[in-house]
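Hello,

Here is the structure I promised to pass on to you. Have a look at it first, and then read on for what turned up when I went through it.

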Amino acid sequence: MENKPNSRKGLFITFEGGEGAGKTTQINLLKSFLKKKNFNVVTTREPGGTPEGERVRKFLVSGKINSWDAYSEALIFNAIRREHINKVIKPAINNGLIVLCDRYVDSTIVYQGIAGNVEQKFLLELHSKYCYNLYPHLTFFLNLSPLKGMERVKKRVDQTENRFENLGLNYHTKVYEGFLKLHKESPKRIINIDADLNENLVAKSIYSHISKLII
């Protein structure tokens, strides 16, 4: 799905990719880049984004891998997302801010849909009916092989939010292939970024695409 920016309003930009792709690092670098150019920026994430969503987040991303099935996850993610849109994303966009979000609906389509076998039609209907069919103006898919991503994840100091990471390489290969599929379906919105490069080179690639929107 495509979403055209309105020059009188803010921008909604999301970061997607498998585990260990470097989304948090690139969001922080982009935030600094935009602030130096005097843009007002809001950073947020999914699952989470609101105080209520953050409390639910810990039950989704930690614990046993079989704590939830994919349909339950999809319903919970959409409930949290609706509140996230109402309380954070829409108000920020309408006030002319740039929203940088770590994961959004594309992650649900990939993780619960393509990798979790939930029908994509069902997920798109949920997003349309309950999440206002709101899509980002631009999405960066940080493209990193699942094997390298899992190697990075193992080096993290904090291993508490590792429920999805523990689902195994086969699962994360499906996730990787799912993001490639979405990129091919929406190449104008979903930008494929080589995340295997030095983080500064990755950031420069992202800046070049962002500059086209903010100039």
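**Tyr 111 and the cores**

Setting aside residues up to four places away in sequence, Tyr 111 touches Gly 17, Gly 18, Glu 19, Arg 103, Gly 116, Phe 164, Tyr 171, Val 175 and Phe 179. Please keep in mind that this is a predicted model.

Tyr 111 also belongs to the largest nonpolar core, which has 29 residues. Together with Phe 12, Ile 89, Tyr 104 and Val 175, Tyr 111 is in the group that touches the most other members of that core. Two or more residues come from each of helix H2 (51-61), H3, E3, H4 and H7. Of these, H3 gives the most, with 7 residues. Apart from this core lies another one, of 24 residues, including Leu 34, Val 41, Ile 98 and Leu 144. As background, nonpolar side chains in soluble globular proteins tend to be buried together.

**Salt bridges**

There are 11 salt bridges in the structure, and a few of them are worth a look on your screen.

Let me start with Glu 54 and Arg 45, whose side chains meet with an N to O distance of 2.6 Å. Both partners are partly exposed: Glu 54 has a relative accessible area of 27%, and Arg 45 has one of 32%.

Next come Glu 73 and Arg 163, which form a salt bridge at 2.7 Å, N to O. Glu 73 sits in helix H3 (residues 70-94) and Arg 163 in the loop between helix H6 (146-154) and helix H7 (169-185), so this pair ties together parts that are 90 residues apart in sequence. Here both residues count as buried, Glu 73 at 5% relative accessibility and Arg 163 at 1%.

Asp 106 and Arg 189 make a further salt bridge, with their closest N and O atoms 2.9 Å apart. This pair, too, links distant parts of the chain: Asp 106 is in helix H4 (residues 105-114), while Arg 189 is in the loop between H7 and E5, 83 residues apart. Asp 106 is buried at 3% relative accessibility, and Arg 189 is buried with a relative accessible area of 2%.

**Thr 44 and the cysteines**

Thr 44 is part of strand E2 (residues 41-45) and counts as buried, at 11% relative accessibility. Its side chain makes a polar contact of 2.7 Å with the side chain of His 84. Beyond neighbours within four places in sequence, the residues in contact with Thr 44 are Gly 49, His 84, Val 88, Val 99, Leu 100, Cys 101 and Asp 102. By contrast, Val 61 is 17 residues away from Thr 44 along the chain, and the two C-alpha atoms are separated by 16 Å.

How many disulfides does a search of the whole structure find? The count is 0. Cys 101, one of the contacts of Thr 44, has as its nearest cysteine sulfur that of Cys 131, 12 Å away. Seen from Cys 131, the sulfur of Cys 101 is the closest one, and 12 Å is too far for a bond. Both cysteines are buried: Cys 101 is at 0% relative accessibility, and Cys 131 has a relative accessible area of 0%.

**Helix H8**

Helix H8 (residues 199-214) has 16 residues, which at 1.5 Å a residue should span 22 Å; its end C-alpha atoms are 22 Å apart, so the two agree. At the N-terminal end, H8 is capped by Asn 198, which has a side-chain oxygen 2.8 Å from the backbone nitrogen of Asn 200.

Which residues of H8 are buried? They are Val 202, Ala 203, Ile 206, Tyr 207, Ile 210, Ser 211 and Ile 214. An α-helix has 3.6 residues a turn, so residues three or four places apart point the same way. The buried residues of H8 pack against strand E1 (11-16), helix H1 (23-36), strand E3 (98-102), strand E4 (138-143) and strand E5 (190-194).

Happy to hear what you make of it.

Best wishes

Methods:
Residues are numbered from 1 along each chain as its sequence is written. This is a predicted model: local features need pLDDT of at least 70, side-chain atom pairs count only at pLDDT 80 or more; totals for chains, interfaces and linings use all residues. Side-chain values use heavy atoms; hydrogens and water are left out. Helices (H or I, at least four residues) and strands (E, at least two) are DSSP runs, numbered from the N terminus. The expected span of a helix is 1.5 Å times one less than its number of residues. Buried means under 20% relative accessible area, exposed over 50%, partly exposed in between (1.4 Å probe, protein chains only). Contact means heavy atoms within 4.5 Å. A polar contact is a pair of N or O atoms within 3.5 Å; within protein, one must be able to donate a hydrogen and the other to accept it, and residues adjacent in sequence count only if both atoms are side-chain atoms. A disulfide is a pair of cysteine sulfur atoms within 2.5 Å. A salt bridge is a side-chain nitrogen of Lys or Arg within 4 Å of a carboxyl oxygen of Asp or Glu. A nonpolar core is a set of buried Ala, Val, Leu, Ile, Met, Phe, Trp, Tyr and Cys residues joined through side-chain atoms within 4.5 Å.
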